[in-house]
Amino acid sequence: MKESSHLHKREEEKDRQSLWKLTYDTFRPAQESLREALCTLGNGYFGTRGAACESAASRIHYPGTYIAGIYNKTPTHIAGRTVYNDDLVNCPNWLFLTFRLGDGDWFDPVTSRLISYRQELDMRRGILMRRIRFCDEKGNRAGMFAQRIVHMEDPHRAAISYTIESENYEGWMTIRSALDGTVQNTGVSRYRGLNTFHLEPLSCGTFGRNGIYLSMKTSESGVEIAEAARLSIFSDKGNVRPEKIVSEEDGKRIFQDYRIFVKPHQRYTIEKIVAIYTSRDKGVRRPRTAAIKSAKKSPRFEELFRSHRRAWYSLWKLFDIQVTGDPFSQRALRLHTFHLLETASPHNRNIDAGLPARGLHGEAYRGHVFWDELYVMPFFITRSPEIAKALLMYRYRRLPQARTYARENGYAGSMFPWQSSISGTEETQVVHLNPLSGKWGPDNSRIQRHVSFAIAYNVWKYWRGTGDTDFLNRYGAELFLSVAQFGASLASYNPRDKHYHIDGVMGPDEFHEKLPDAQRPGFRDNTYTNLLVAWTLHTAQEIIPELSIWQRVRILNKLGITQKELDRWDDIARRMHIIINPDGIISQFSGYLKLKELDWGAYRKKYGNIQRMDRILKAEGKSPDHYKVAKQADALMMSYLFSLSEIAELFRLLGLGWDKKILRKNYDYYIARTSHGSTLSKVVHCYIAHVLGNKKEAWDWFSEVLKSDIYDTQGGTTPEGIHAGVMGGSIDIVMRGFAGIGITGGKVTICPRLPDQWNSLRLVFLYQGSQISLYITKKHIEIFIHGPKDKPFDTPLEICGVKRQLLKGRRYTVPLPR
């Protein structure tokens, strides 16, 4: 019985550990690009795709490395014109490491005969492992076990431990290590017709007996990128001194070959310790010197792994969400958390970079920063506010460029670009390729002015969640009010209908660019944009009194905001035009309700996957501008950002009514006309379905959200980079939806509604410096507010509609209403 109990406990522990892992038991070349994105390792400073270290870029493998904030803008001559694109640079490949037995072929999982294969991403410890047995062309069999980390404590370091054990071969083995600067930006097929070269050589060479370095420079932005690698070899009996070392270099890459004599059933471990520095790094004057020094001084792999593991454990204490009842939800939520922390981490306090929509995982969207941070910011605000603040500071530092951009377009205040890189200027492509038709067309997405108001929303969300008045006084208020100035200048008053209107903009639904037969892109009175502008101008009046008197005078004088202008803001917030028909349906924009209906059933039957309906219609010679077809939630977006009561208050100011019944009408109307060509659409519809009490529908949407990247449900987009927005959105749904956590009117509300598939939910969140731990079941909530025992928690707290006064340092159990 004791033995049986012991085995049962071991199996339970094995099951628990598996929920931290993403495992592949076969090598499938067609799946490698997806696996490489999902197995990316990063630390906020840089990320490296989970490619096999034995392979260079090919049709199967793409070993990309991306450093936060390293962009390069190059020209391409196409279709009789020159276009410029600013790319997140694929930096030199530090991974390369392989071997061969005797004079056989170099080991490569693509060309070698594999006997067994297992790849495992351990998210809890932040390590990628591969275990392979293979047989070469001469019948020699061997096993290989590789471990890889991108160090979470020291952002400049990475390491590989590579163990080889021969089964039947005795003789010479050659090990090859390289740093490769010949890489290009070719990770997205539709961009390959554009300039893909970004790196120019500076220097390369060796240091010591076992070190190599490579220094490259971006061709236009002039950023130096230096990598140094130190390689050591050990056997079961201790250090191994190679028989022969050969170095080769051609200016853009450097190889180093090591030759050792191996015996069967003896393990030989190669350790490759890498350091990466750039000329953008704070306090670094000579990146090459810094990289070589770091590689020389670095401890062995095991010691590096210990400190790396501790850093990850520390993060998981705050960020982990524990779910019982549905293993897939648990694993997917951890995968999303893992990749968000790889994209932005506590190291971002020292990095001037935004949050790329596709992470540090690939080259889709050229690594640009969009509005997707809107979906991710709550993830950081409620657990590690310093990361959220760093991302907001990226925006604040680009206020001058945003002011220039607004002025160039005839507006006041600060207008942020739709796509941003490092310069702060507009980086949206001028032309875009339709992969179905093979034709280039104009890209009008830059007129999505709502990105500026998303930034203002993030400032408000951060301030409300942290109470960081120092940030508000020094940075946040100026950022918010400058965007408010822009919003007010967008609006024009019509004395005939006595309302304010906004012209020439697009909402999140990028399928619609203009009205049928219109000469210019853009719409009048996009509901989402109009409501956000009204909210921004109204909220500005609440933020100004929160400033210290001195800071209030300073900021208002700096921005030239007068009382007359503030009065106009208040007028706009109360008289912004919102189009609602007699049935209570909000018009996405002026003229939307007059567009043609689409035969959705016919298109589903003909094409199957119709998520990118815009491309389908254009390939047929039609235009989505003529139809009621949306890429993603647009008119419904406000119901994702704000609670029912908050929207009702905004509508009340506008002289309109809003309740759950009206929301339900609009949800039903628009969901029938949306193709969900963006993963973000499923996040929004999931949350709103939950608000409406559509439990099964909300769960179905949530399942789709969790599957988006892990199963690449959009058919080829995840290999180009993960979707940071959908990952952040999934966790926001858990927090605001399933856990029912709300922060409104200066109080914290908790009213959970767990999915039927879950038994319990455990999580931690921060509110204005206080850490709150929740354990939620179907019957009760356990709540613990960290801090000195019996000290009152000053913030008003409401659990399922009942006001509670709780003390810190005590654990409370509150029954849930049936």
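Reader: How many bridges join E2 to strand E3?

Author: In this predicted model, three strands form an open sheet in the order E2-E3-E4, with antiparallel pairing. Leu41 has Thr48 as its bridge partner in E3. Strand E3 covers residues 46-48 and runs antiparallel to E2, and the number of bridges that join them is two.

Reader: Which strands stand at the edges of this sheet?

Author: The order of the open sheet is E2-E3-E4. An edge strand here has a single partner strand, so one side of it is left without a neighbour in the sheet. The strands in that position are E2 (41-42) and E4 (65-67).

Reader: Is Arg334 buried or exposed?

Author: Arg334 belongs to helix H5, which covers residues 327-343. Leaving aside neighbours within four places in sequence, Arg334 is in contact with residues including Leu19, Trp20, Met123 and Trp316. The relative accessibility of Arg334 is 5%, and buried means under 20%, so Arg334 counts as buried.

Reader: Which helix gives the most to the lining of the second largest pocket?

Author: The second largest pocket has a volume of about 960 Å³. Its lining consists of 44 residues, and those nearest its centre are Tyr687, Arg736, Gly740, Ile741 and Gly742. Six residues of the lining come from the helix that gives the most, H21 (residues 724-738).

Reader: How many residues in the lining of the second largest pocket are charged?

Author: The lining of this pocket has 44 residues. Of these, 21 are nonpolar and 13 are polar. The number of charged residues is 10.

Reader: How many residues are in the second, separate core?

Author: Apart from the largest nonpolar core, which has 222 residues, there is a second, separate core. Among its members are Tyr213, Ala275, Tyr277 and Ala291. The size of this second core is 11 residues.

Reader: How many residues of strand E12 are buried?

Author: Strand E12 spans residues 171-180 and is mostly covered. Five bridges join strand E7 (residues 97-101) to E12 in an antiparallel arrangement, and Leu101 stands opposite Met173 in E12. Of the 10 residues of E12, the number buried is nine.

Reader: In E18, which residue is the bridge partner of Ile175?

Author: Strand E18 (residues 253-262) runs antiparallel to E12, and 10 bridges join them. In E18, the residue paired with Ile175 is Tyr258.

Reader: What is the relative accessible area of Gln266?

Author: Gln266 is located in the loop between E18 and strand E19 (267-278). Not counting residues up to four places away in sequence, Gln266 touches Ile164, Glu165, Ser166, Ser235, Asp236 and Lys237. Gln266 is buried, and its relative accessible area is 13%.

Reader: What is the value of phi near Asp525?

Author: Asp525 lies in the loop between strand E24 (499-502) and helix H11 (527-543). At 2% relative accessibility, this residue counts as buried. Most residues other than glycine have a negative phi. For Asp525 phi is positive, with a value near 60°.

Reader: Is Cys800 buried or partly exposed?

Author: The place of Cys800 is the loop between strand E30 (797-799) and strand E31 (802-804). Phi of Cys800 is near 50°, a positive value in a residue other than glycine. With 21% relative accessibility, Cys800 counts as partly exposed.

Reader: How far apart in space are Arg148 and Ile127, C-alpha to C-alpha?

Author: Arg148 is part of strand E10 (residues 141-150). Its relative accessible area is 6%, and Arg148 is buried. In sequence, Arg148 and Ile127 are 21 residues apart, while in space their C-alpha atoms are separated by 5.7 Å.

Reader: What distance separates the C-alpha atoms of Gly522 and Gln448?

Author: Gly522 is found in the loop between E24 and H11, and it is buried, with a relative accessible area of 15%. Not counting residues up to four places away in sequence, Gly522 touches Ile447, Gly504, Val505, Glu513 and Lys514. Gly522 and Gln448 are 74 residues apart along the chain, and the distance between their C-alpha atoms is 8.8 Å.

Definitions and conventions:
Residues are numbered from 1 along each chain as its sequence is written. This is a predicted model: local features need pLDDT of at least 70, side-chain atom pairs count only at pLDDT 80 or more; totals for chains, interfaces and linings use all residues. Side-chain values use heavy atoms; hydrogens and water are left out. Helices (H or I, at least four residues) and strands (E, at least two) are DSSP runs, numbered from the N terminus. Buried means under 20% relative accessible area, exposed over 50%, partly exposed in between (1.4 Å probe, protein chains only). Contact means heavy atoms within 4.5 Å. On a 1 Å grid over the protein atoms alone, a cavity is a set of points where a 1.4 Å probe fits but cannot get out, and a pocket is an open set with protein on both sides within 12 Å along at least five of seven lines; lining residues have an atom within 4 Å of a point. Grid points are joined across faces, edges and corners, and a volume is the space filled by probe spheres set on the points. Ala, Val, Leu, Ile, Met, Phe, Trp, Tyr, Cys and Pro count as nonpolar, Asp, Glu, Lys and Arg as charged, and the others, Gly among them, as polar. Two strands pair if DSSP finds at least two bridges between them. A nonpolar core is a set of buried Ala, Val, Leu, Ile, Met, Phe, Trp, Tyr and Cys residues joined through side-chain atoms within 4.5 Å.
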